[in-house]
Amino acid sequence: MGQTAKVLQLFRTLHRTRQQVFKNDKRALEARVKINEEFKKHKSEAAPEKIEEMLKMGSDVELLLRTSVIQGIHTDHNTLKLVPRKDLLTENVPYCDTPPQKR
């Protein structure tokens, strides 16, 4: 896949992730503007190494958003309700403080 295609794919992926992570949060959804600004600012970049570096950073940001951000909703002035996405929920593996016996 060429660099132009990778850049466009990352652009789309960042916007999809933004929509999923910040669903129903108008203020946070405005991250759209920042994503667009960053891509426009570097539109004329021609150095392949620099483009790869920026692609890596963008991919890291997308991964961080997708795997680490949980929405919180203020239900009153002292309460915050967390709304984790289904893709963040994992099986809970019980902790065992005694190591397994070697055979």
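The legends below describe close-up views of a predicted model.

**View 1. The largest pocket of the predicted model and the residues that line it.** About 810 Å³ of space lies in this pocket, and its lining is made up of 26 residues. Among these lining residues, Leu10, Glu38, Phe39, His42 and Met54 are the ones that lie nearest the centre of the pocket. Three helices, α1 (3-21), α3 (31-41) and α4 (48-68), each supply at least two residues of the lining. When the lining residues are sorted by class, 15 of them are nonpolar, 4 are polar and 7 are charged.

View 2. By class, the lining of the second largest pocket has 6 nonpolar residues, together with 4 polar and 3 charged ones.

**View 3. A nonpolar patch on the surface, formed by Ile70, Leu80 and Leu82.** Taken together, Ile70, Leu80 and Leu82 have about 290 Å² of accessible area. One of the three, Leu82, is found in strand β2, which covers residues 79-83. Leu82 counts as exposed because its relative accessible area is 54%, and the cut-off for an exposed residue is over 50%.

**View 4. Val61 of helix α4, shown together with Leu14.** Val61 is found in helix α4, and although Val61 and Leu14 are 47 residues apart in sequence, their C-alpha atoms are 8.3 Å apart in space. Val61 counts as partly exposed because its relative accessibility is 39%, a value that falls in between the cut-offs of under 20% for buried and over 50% for exposed.

**View 5. Asn24 in the loop between α1 and α2.** Asn24 has its place in the loop between helix α1 and helix α2, the latter covering residues 26-29. The phi angle of Asn24 is near 65°, which is a positive value in a residue other than glycine. As a point of comparison, most residues other than glycine have a negative phi. Asn24 is also exposed, since its relative accessible area is 72%.

Key: Residues numbered from 1 in each chain as written. Predicted model: local features only at pLDDT ≥ 70, side-chain atom pairs only at ≥ 80, totals over all residues. Heavy atoms only, no water. 1 Å grid on protein atoms, 1.4 Å probe; cavity = no way out; pocket = protein on both sides within 12 Å on 5 of 7 lines; lining within 4 Å. Points joined across faces, edges and corners; volume = space filled by probe spheres on them. Helix = DSSP H or I, 4+ residues; strand = E, 2+ residues; numbered from the N terminus. Nonpolar A, V, L, I, M, F, W, Y, C, P; charged D, E, K, R; others polar. Patch = residues over 30% accessible without salt bridge, like charges linked within 9 Å, V, L, I, M, F, W, Y side chains within 5 Å. Areas by Shrake-Rupley, 256 points an atom, 1.4 Å probe, with all protein chains shown as cover. Salt bridge = Lys/Arg side-chain N within 4 Å of Asp/Glu carboxyl O. Buried < 20%, exposed > 50% of the residue type's maximum accessible area, 1.4 Å probe, protein only.
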